Amino acid sequence: MGNIVAFVKGALHYLGNLAFHLYKPNALKNCDHLIHVQTGDKKGAGTDANVYIRLFNETGVTSSEILLDVPFRDDLEKGTLEVFPCPMLGDFGPISRIEIWRDEAAPWDDWYVDYVMIAHVGSKTKYYFPVHRWIRSYRRYSIKEFDVVLPQHDDCHAARADELKEKRMLYEFVRQVPGLPTQVKTLPVDESFSNEYKWNIVQRKVQMLTESAITKRIIYKWTKLDDIKSMFKFKHFPVPSSVEEWQTDEHFARQRLTGVNAIMIRLCERIPDNLDVDDQMLRPFLEDKTIVQAISAKKLFYTDHKLLEGLATDEHTELCSPLALFYLRNDGTLVPVALQLFQEKAPTNPVFLPSDPKYTWLLAKMWYNNADAQYHQALTHLGLTHLVMEGVAVCTHRNLSPSHPMFRLLAPHFLYIIAINTRGLSVLMCDGGWIDKTLAMKSTGTFELIRRGFSEWRMDGYGCLPKELEARGLLDPNILPEYYYREDGLAIYRAIREYVKTIVENFYDTDDAILRDDELQSWRKELAGVDCQHCTCAFKGVPGEREGRFSSSGQLVDTFTSIIFTCSVGHAAANYQQYDEYAFPPNYPAMLNGRAPRDKVARTEKDIMATIPEQDVLLDTMVVTKLLSDMGTNRLSDFEVQYLFDPVSVSAKEKLREDLDEISVNIKERNRHLKHPFTFLDPEFIPNSISI
């Protein structure tokens, strides 16, 4: 039966195309314009209704009603670009506005339009009319060329206000867990995946395991570290890059610079009071320098995971809250020189050193990385990219009209973020889900750590890369010269900022224009939680904090750059090398069995193996991190949906692409000369949005 249905569908499609090709030459003889209509790639976006359009020139002269239809062809289907002939307009002149509407002639009449483009056949002049709306029955939508206008300049102000009122009903805020960032209450239809399978984590996991046949071939218990490598000979599961060097101090330090959590390391200007080290202990590892000399030379760095202190864990493990010191050798290599696994000095909380017995030192590094992995998953990845940016997306839909230039600037970077968060939290964070199975602090501890981290987060701090680096003492490129997360991130940040600056200053030529933009100011209020009685994002550090409003273009540039950077670069840095880091558990263990070492007694490989979780835990970790490491959307600046069509914005986007291409070339050239290339912030591999 299925084959018959497929045959009939194929035959109808073929006949429709044949009819169109027979119809097209004759139709084109009687037109001087072509109407291009892009139906959105959203669930249920296509329509079988009768659709009409009317054109307006600059003086208000109108065309007749034009039915958008090709005989015997199924037009205006989801994701399709259709071309329709336009009756002869003669000396009509430039087209400045369109009206578009539909009837209810068919049961499947919902229709979502991305844009309409009208091209003059002779001069090749093109007129773009972005729509990005659902077309409701018998309601006429008036769309100006480029459809990008500030609310104070829009002569359709009432319709715009009604549209936002409807949006606020669809995009309601809710705080799922007290203290966490706000999210959308119910997933709007507009946010659903267009390709359900691509983002179906459970279905793809089953397929991956079936195709690899890995579960049928794990039949023995590991007794030594090399046994774990047997997991990486199956389809879909390549050998992680960390396997060969994970035991070295150089690799451990490199994880602080170019790993998934490269935001923890700081310049050490004084030894933390609770870190129990002195000159006698450290001098052998500081190339015969004292601590003061190493600090003065800006060669000493530290990390502090105090935020993890006291978090609950699985009953079979525990969670450290470590402090660590790192030293930059004269040859430019960063190495660890001291690890203290808990915050308070105590006889049972020794400082582990590189001179300790091999497996004792290795075990200390593993417990440190286990703590770092909790921070990475809960904050660097989930809390401060996925969840924080979902709140921004919801706030944007609630307050900025689709016609607002800043909505159009931000929209490409919100693609699928709400949908993937809804899907991910229901699958990964549920009771007994992936987090509970593979992460030491489980979902309960994860939510608590997000709460702690979000309470300290500021948009003008952590959310702004230059300021965040400055706060850690690492903005100067001469400090830690191989900190490629900083080098690549700053280059892209500056390119994004220039792109944003061009667009912002084009639409806001004076500060007064900013002050008079009620949609923009309302957006800021909900973002910061100012004077709002209902649930809001409640972000700290939103630019304009002192005045309680935006008052300059610089504030807007900082804000929008931070959002776009976080949705693209920030998420890419935290996400796309997860398989390389997590798949080989001793390298970056999300879970360890037993208790962290409280003494420096010599350990053996058997002691290391006793901490490694069971094979099913590793398998879950491998599968999910492999899925999460897949790139979900197009590369940065190659937008899936084009929102801005005005000449200044189009030029700014092209300049952004050129700048990113140049950065990509420079990164590739640098990496050719590196033993350990850092590719994860090459713009070629950075998606536009948080979609996985």
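Leu325 is buried, with a relative accessible area of 0%; buried here means under 20% relative accessible area, exposed over 50% and partly exposed in between, with a 1.4 Å probe and protein chains only. The structure is a predicted model, in which local features need pLDDT of at least 70, side-chain atom pairs count only at pLDDT 80 or more, and totals for chains, interfaces and linings use all residues. Residues are numbered from 1 along each chain as its sequence is written, and side-chain values use heavy atoms, with hydrogens and water left out.

Leu325 lies in strand β13, residues 323–328. Strands (E, at least two residues) and helices (H or I, at least four) are DSSP runs numbered from the N terminus. What surrounds Leu325, leaving aside its neighbours within four places in sequence? Its contacts (heavy atoms within 4.5 Å) include Cys268, Ile271, Leu275, Val277 and Leu282, and also Leu300, Phe301 and Tyr302. Val335, Pro336, Val337 and Ala338 are in contact with Leu325 as well. Between the C-alpha atoms of Leu325 and Gln340, 15 residues apart along the chain, the separation is 8.9 Å.

We turn next to the helices. Two packed helices are described by the angle between their axes and the distance between the axes. The axes are lines fitted to C-alpha atoms, for helices over the stretch in contact, and angles run from 0 to 180 degrees between N-to-C directions. Helix α7 (residues 358–399) and helix α9 (residues 417–428) have axes that come within 9 Å and cross at roughly 130°. The two helices, α7 and α9, are therefore oblique to each other; angles under 35 degrees count as roughly parallel, over 145 as roughly antiparallel, 65 to 115 as roughly perpendicular and the rest as oblique. Their crossing, α7 with α9, is left-handed, a term used if the near helix is turned anticlockwise from the far one by less than a right angle, with right-handed used if clockwise. On the α7 side, Leu382, His386, Leu387, Met389, Glu390, Ala393 and Val394 take part, meeting Ile417, Ile418, Ile420, Asn421 and Leu425 of α9. The residues of this contact of α7 with α9 divide into nine nonpolar, two polar and one charged. In this grouping Ala, Val, Leu, Ile, Met, Phe, Trp, Tyr, Cys and Pro count as nonpolar, Asp, Glu, Lys and Arg as charged, and the others, Gly among them, as polar.

Helix α7 also meets helix α11 (residues 442–456): the axes come within 9 Å and cross at roughly 65°. The crossing of α7 and α11 is right-handed. From α7 the contact draws on Gln374, Tyr375, Ala378, Leu379, Leu382, Gly383, Leu387 and Val388, and from α11 on Thr446, Leu449, Ile450, Gly453 and Phe454.

In total, the structure holds 19 aromatic pairs. Rings of Phe, Tyr and Trp (its six-membered ring) pair if their centres lie within 6.5 Å; planes under 30 degrees apart count as stacked, over 60 as edge-to-face and the rest as tilted. Tyr115 and Phe645 have ring centres 5.4 Å apart and planes at 55°, so the pair is tilted. This pair links distant parts of the chain, 530 residues apart: Tyr115 is in strand β6 (residues 112–120), and Phe645 is in the loop between α19 (615–628) and α20 (647–672). Tyr115 is buried at a relative accessible area of 17%, and Phe645 is buried at 10% relative accessibility. Tyr582 and Tyr588 form an edge-to-face aromatic pair, 4.9 Å centre to centre with 70° between the planes, and both Tyr582 and Tyr588 are buried. One aromatic cluster is formed by Tyr115, Tyr128 and Phe645.

Two residues stand out for their backbone. Most residues other than glycine have a negative phi. Asp147, in the loop between β8 (141–144) and α2, has a positive phi near 40° and counts as buried at 6% relative accessibility. Ala538 has a positive phi of about 60° although it is not a glycine. Its loop runs between α15 (518–528) and α16 (553–575), and Ala538 counts as partly exposed at 35% relative accessibility.
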